Amino acid sequence: MKITDARVVVSSPGRNYVTLVLETSDGVVGVGDATLNGRELAVASYLRDHVCPLLIGRDPARIEDTWQYLYKGAYWRRGPVGMTAIAAVDVALWDVKGKVAGLPVYELLGGASRSGVMVYGHADGHDVPELLDRFAEYLEQGYKAVRIQAAVPGVAKTYGVSVHDGRIYEPANSDRPEEGSWESSAYLDFAPTVFEAVRERFGFGVHLLHDVHHRLTPIEAARLGRALEPYRPFWIEDATPAEDQSAFRTIRAHTTTPLAVGEVLNSIWDVQTLITERLIDYVRMSVSHSGGISHLRKVYALAELFGVRSGAHGAGDLSPIAHAAALHLDLAIPNFGIQEYMGHRDPAGEVFRSTYSFADGYMHPGDVPGIGVEFDEAAAARFPYEPRYLPVNRRLDGSMHDW
Ligand code: GCO
Ligand code: MG
């Protein structure tokens, strides 16, 4: 069998997604997600101009060899654009392999290690009462774990708080990035009161998570971790800018609050120190941005040796193909921790028809052969690409800060 066609489709059913479609000489079709939010066309070009021509004629069964060919063959290492492009090829090849074998991908990864994958939802509020109402809705749906984010008083447009519908919390401007504002001192005083309110109302029988979105210094993050200890968070996420692995030595020295990081990282080398020095508890890299199933499972295997668990990024800007791929890995690996699940905005379901399911706080990828997501190219054509930027952030004095 040979790969006979490789094409990239950029569509915007609710938000932008980049999808790679591979066709084989046996008529089997495999799909992969190549979405890099706010920089979509860079990955589309990397694939179209530099990768797709190399795939034609290759044997789709040789997944690892193709991975090494694309990674080593580029000469330039790591980075979000290249690793997202390779991930799309990798997932599409696992999809093909599953369809050829007549098995869901998790069976090819060693089979299920659990009956379902615990996911966390994202409850937010413009103030604490609104957050508590949204939190209650997640509990009604059966969620066992919920991330809590509330607007910091005096800080306009806090990260993680939706402007409109309570689910899509990232403003996306088309001409230039929206500007948010930030002040860590106000946030550090406020965040523990949010946890206190949630624990007071809902008790300790539900997991609480919180996303700091790379905004603190190491010692600020240490202070936050310590202040939250009485409320027993499941984790604090991305406490400091992720590229500085050594920052976690400082945080770790001061708090027992579990730490998660990695949604902006792309390779096993980006988390090598974090894992081998046991500086984190959960690694948050996603299938789509980290070289696909083949590479992320190596990250998880390394993490297993050091007692670190998975906690994959699952924002709505990763397509349903990415979410399905994550669920297959989550179901199979021994050291699964938790999976983010933000869901997808309509009309994404018209373009991506998925077989994964949610029940009582757990998800399952389904049992159809392959990844379990059908990509409808005719439907995708009805939703053309729309340029969108992620926001930027300024401190109250006007200087740039991490968003
Ligand atoms: C999360 C993430 C997202 C990112 C987004 C960027 O934990 O869900 O922090 O909200 O900001 O994926 O594109
Ligand atoms: Mg995050």
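## Domains

Domain bounds here come from an automatic or database domain assignment. On that basis the chain of this predicted model splits into domain 1, residues 3–103, and domain 2, residues 108–368. The centres of the two domains, taken over C-alpha atoms, lie 26 Å apart. Domain 1 contributes 30 residues to the contact and domain 2 contributes 33 residues.

## Buried area

The size of an interface is often given as the accessible area lost when the parts come together. For domain 1 and domain 2, about 2,500 Å² is buried between them, and carbon and sulfur atoms account for 62% of that area. On the domain 1 side, the residues that lose the most area to domain 2 are Tyr17, Asp33 and Trp94, which together make up 24% of what that side buries.

## Polar and charged pairs

Three salt bridges are found across the interface of domain 1 and domain 2. Separately listed is a salt bridge between Arg15 and Asp317, with 4.0 Å between the closest N and O atoms. Polar contacts across the interface of domain 1 and domain 2 number 12 residue pairs, with both residues at pLDDT 80 or more.

## The domain 1 side

Two strands and two helices, S2 (17–24), S3 (29–33), H2 (63–74) and H3 (80–101), each provide at least two residues of the domain 1 side that touches domain 2. H3 gives the largest share of that side, 11 residues. Sorted by class, the side of domain 1 touching domain 2 consists of 15 nonpolar, nine polar and six charged residues.

Methods. Residues numbered from 1 in each chain as written. Chains lettered and ligands numbered in written order. Predicted model: local features only at pLDDT ≥ 70, side-chain atom pairs only at ≥ 80, totals over all residues. Heavy atoms only, no water. Contact = heavy atoms within 4.5 Å. Buried area = accessible area lost by both parts, 1.4 Å probe. Salt bridge = Lys/Arg side-chain N within 4 Å of Asp/Glu carboxyl O. Polar contact = N/O pair within 3.5 Å; in protein donor to acceptor, adjacent residues only side chain to side chain. Helix = DSSP H or I, 4+ residues; strand = E, 2+ residues; numbered from the N terminus. Nonpolar A, V, L, I, M, F, W, Y, C, P; charged D, E, K, R; others polar.
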